[in-house]
Each structure stands twice: as C-alpha cells, then as structure tokens.
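Reader: I have just opened this structure and want to understand the words used to describe it. Could you take me through them?

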Amino acid sequence: MVRPVSISDTFETATFSGENLTCRRGGRMVFTQLHFSVAAGGAIVLRGPNGSGKTTLLRLMAGLARPVTGQLKWSGAALEDSDAHGKHLRFIGHLDAIKPAFTVRENLTFWRDFWNTGDASRVVDAMEAFGLAALADFPARLLSAGQRHRLALARLIASPAPLWLLDEPANALDDRSLNALTRTIADHRAKGGMVILASHGADLVSGGTTLALDKFTPTEVMQWDET
Amino acid sequence: MSVFTALLSRDLKLALRQSADSLTVIAFFAIATVLFPFGVGPEAEVLSRIAAGVVWVAALLAALLSLDRVFTVDFEDGTLDQLLLNGQSMTLVVLAKVIAHWLTTGVPLIIMSPVLAVTLQLPAEGYGTLVLALLLGTPTVSLVGALGAALVLGARRGGVLLSLLVLPLYIPVLIFGTAAVEAALTGMPSAPMLSILGGFALIAVTLCPFGTAAALRQAAE
C-alpha cells in the first residue's frame, strides 16, 4: 500500500534564517535571542519540553505570528510581506484543515489547485505516498485520527514548496506511515528542500541540526509591563 | 488567480453538499416575514405599507445568521492558517469567501423576496424595485458582514457580538433599500436610491476586503 514515490523536481537553492528572535505570548516571554539558519537540503529538529515554544516558533517561521524583535530572512533578504512568504512553505500543524464533507481526493485536489504548484497528477502520487490511495473516494469524515493526519501530510507532496514546517508530524502515525514520512522527508531534502520540525520522540531526519528551545527560555519569568 | 477560483469553487461545492445550512437561512427569512401578517393583522393597506421594510429587515437578520459561520469553520479546523499561507494575496481569499457567501445566501434571499412580498400584499409596482434594491444592497451586507465576522473570530459568543457590531452598519442600506421601493410605489423615480445603494456596494468592495484580511491575520496570531 505504501510505496516510495520519486518525483522529479528540484528547488532553487535558498536559505532560510532567523536572527535575534524574541517572542511573547499572553504577556509571557516564550523565548529570546533565538537564531537559526537552514540551507537547501538541511533540516532542523526543534526540541524542548511542553510550553517551550515549539509551535509558536513554527508559526512564527510561517509568518502566521510576528516576533517582538528580530527578523526572518529568505536567501538573505528580509521577509516583510507575509503574503509572499506563503509560497515558500507548507505548514502542517495540529489542526488538519480537512473538510469532512469532501472525499480524500477532493480535499487534496482543492489544496493543490489553491497553491497551484506541481501538476494535477501529484494528487495521486501524494495519496499513494501516504497509503491513502484505497481511500481516495472515501468521505473524509469517516477517517481515523491517523488517516486524517496522513491526509494533512499528503499536501506536502500534492503541492510542493521548498520549506516544510511540521509540528509534531509523528503524532498518531503507525510504524508504516512513520517510515513513509521519514522517506518523504529524506526525498525532499535530497531535492534541495528544507525541513524544520518539532518532535518529541522518533527521529525523522538524519544529520539535521537540533535546536533545543529551553536554552532560549528567559531565566527569570520576565513580565512585559506596559506601565 | 488560482487562489480565488479554487476557493470560490470549493466554497460553492461545500455549500451544495451541506445545503441544509443555506436552507436554514432561507427558511428563517420566510418564517420571520410570514410572522408579520399574524402580528399586525391581514389588512392589505397596513401590510402593503410595511412590506418593503419587513422584507429588508428579515433579509438582514437572515444574512446575519449565516455570516456567523463564514470564517468560524475554517478557523476551527485549521483551514484559515493554510488560507493565510496562500502565497498570493489574502485579499483574494477574502473576496472569494465573500462572493461565495453572497451567491449562497444573498442570491437565494433575492429569489425568495418576491414570493414573500406577495404574502405582505406588496403592490405590483414595487416588485421590480424590491428585487433590484436587494440585488444592489446584499453585496454590501456580505462585505460588511464578513468584516464583522473576521473581527469577532475567536471571541466567545461571537454571534451575538457580531449582530451588535454589524446591524448598526446596515442602517443606511436598510433606509435606502426601503426608500427605493417606497418611491416606486408612489410613482417617484427610484433611481437615486438605487444609485446610492450601488455606491455603498462600491465603497464596501474597495475597503472591506483589506480590513477583513487584516482582521483574519490578527485572529490567526
């Protein structure tokens, strides 16, 4: 059911970096003075205890949240316009963005058409890569948690983008799907893609940089006092 | 434009699959209107006097009922995050959502309105103008309503908050919408009122999508 899919496309060489990032959520400093940099083919694994800001950092990298200080750079150029940054990346978070009324195929086709990268046949490739081909015409409301998560991950293949931001991508996956994910990530990096993922357990990447977020947690709880 | 066309066709397809949502709105519109003959009595003079106003008020309330859901579902299931990462322009996303809302609620309300006007004894001269006024006024309702819906996104009891925020903004549309029908009934030209309604729609379409896009970005943060 799960078979490796090799897709012949490569990404332009790019780098993605962040400098001096400070982030605050609800008056609490989550992390300060954080730097990261990833080049084509590279990977970063974000590690840290619950609440250390892994999800916050990923959303910040996606441009969905804004840092208090610091900036993000794409190939050395500062990212000001968050609308344009969207075309560089795919973000897979905790929420799977699946419409229960649509079938598996319809869900994937919509996102491929929406981003309009890669050709239409990639929807099939994506379903095969994550073992969803047999469920193609199944309404998404009947999927299990793991299948829903696989459908969310299949978007990575259906509509390619150089940077993948994955928040706990191993959640709810069985061994076979974990292998498929590991292979997909390796494949993506081999083509010059970049992967940044938050993870607690399984090693999904080989030879990536590890970024321990608790190192950037402010030592004393700094309150942002407006007065 | 892929962002716009893909999202518009997705929303229309979803509305068709989940047609109960649109039907509820139309049923609400019908019931709210039909309550009036029971409340004020069946006298033709009284009813025909208030017909245009009742249809307009009921249409506004029915639209409000559906506006609550324009962004909530996408917000809750994570679709909104993905829509924000469209890579082109968030304004296009908003326009697609608003046009889909108008096609799935505004248009059915417009189609229903002459039928309901019959139950309210609206004189024959008023029908054409009523439909025309709704046709020009409902886009503003969708555009302003979407802005309100984006602003209250994520708030508790957002639906109630939305009505408090948006209904006052509908007053100008209501005034000129009913005035246009009134003019047609008394033999006066209704074109000035209709032009003003068209003007409102133009102002709304140039300003609201930008505000809505900014509010959605804020809601995701």
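Author: Start with A:Arg66, which sits in the loop between helix 1 (54-62) and strand 4 (69-74) of chain A. Helices (H or I, at least four residues) and strands (E, at least two) are DSSP runs, numbered from the N terminus. This is a predicted model: local features need pLDDT of at least 70, side-chain atom pairs count only at pLDDT 80 or more, and totals for chains, interfaces and linings use all residues. Residues are numbered from 1 along each chain as its sequence is written, and chains are lettered from A and ligands numbered from 1 in the order in which they are written.

Reader: What makes A:Arg66 count as partly exposed?

Author: Its neighbour count. A residue is buried if 20 or more other C-beta atoms lie within 10 Å of its own, exposed if 12 or fewer, and partly exposed in between; C-beta atoms are placed from the backbone. A:Arg66 has 13 C-beta neighbours inside 10 Å, so it counts as partly exposed.

Reader: Why is A:Cys23 called buried?

Author: A:Cys23 has 22 C-beta neighbours inside 10 Å, so it counts as buried. A:Cys23 is in strand 1 of chain A. The C-alpha atoms of A:Cys23 and A:Val68 are separated by 5.4 Å, though the two are 45 residues apart along the chain.

Reader: Which residues does A:Cys23 touch, not counting residues up to four places away in sequence?

Author: Among them are A:Val30, A:Phe31, A:Leu60 and A:Val68. Contact has a cut-off: the C-beta atoms of the two residues, placed from the backbone, lie within 7 Å.

Reader: Is A:Asn20 buried or exposed?

Author: A:Asn20 has 12 C-beta neighbours inside 10 Å, so it counts as exposed. A:Asn20 lies in strand 1 (residues 15-25) of chain A. Its phi is near 55 degrees, a positive value in a residue other than glycine.

Reader: What is worth noting about a positive phi?

Author: Most residues other than glycine have a negative phi. B:Arg157 also has a positive phi, of about 50 degrees, although it is not a glycine. B:Arg157 lies in the loop between helix 7 and helix 8 (158-166) of chain B. With 8 C-beta neighbours inside 10 Å, B:Arg157 counts as exposed.

Reader: What makes helix 7 of chain B roughly parallel to helix 10 of chain B?

Author: The angle. Helix 7 (residues 127-151) and helix 10 (residues 191-220) of chain B pack at about 20 degrees, with their axes 8 Å apart. That makes the two helices roughly parallel. Angles under 35 degrees count as roughly parallel, over 145 as roughly antiparallel, 65 to 115 as roughly perpendicular and the rest as oblique. Axes are lines fitted to C-alpha atoms, for helices over the stretch in contact, and angles run from 0 to 180 degrees between N-to-C directions.

Reader: Which residue classes make up the contact of helix 7 of chain B with helix 10 of chain B?

Author: There are 20 nonpolar, five polar and no charged residues. Ala, Val, Leu, Ile, Met, Phe, Trp, Tyr, Cys and Pro count as nonpolar, Asp, Glu, Lys and Arg as charged, and the others, Gly among them, as polar.

Reader: Why is helix 7 of chain B called roughly antiparallel to helix 9 of chain B?

Author: Helix 7 and helix 9 (residues 171-185) of chain B pack at about 170 degrees, with their axes 9 Å apart. That makes them roughly antiparallel. Their contact has seven nonpolar, four polar and no charged residues.

Reader: What makes B:Ala179 buried?

Author: B:Ala179 has 20 other C-beta atoms within 10 Å, so it is buried. B:Ala179 is in helix 9 of chain B. From B:Ala179 to B:Met193 is 6.8 Å, C-alpha to C-alpha, and 14 residues in sequence.

Reader: Why is helix 3 of chain A oblique to helix 5 of chain A?

Author: The axes of helix 3 (residues 104-115) and helix 5 (residues 145-158) of chain A come within 10 Å and cross at roughly 45 degrees. That makes helix 3 of chain A oblique to helix 5 of chain A. The contact has six nonpolar, one polar and two charged residues.
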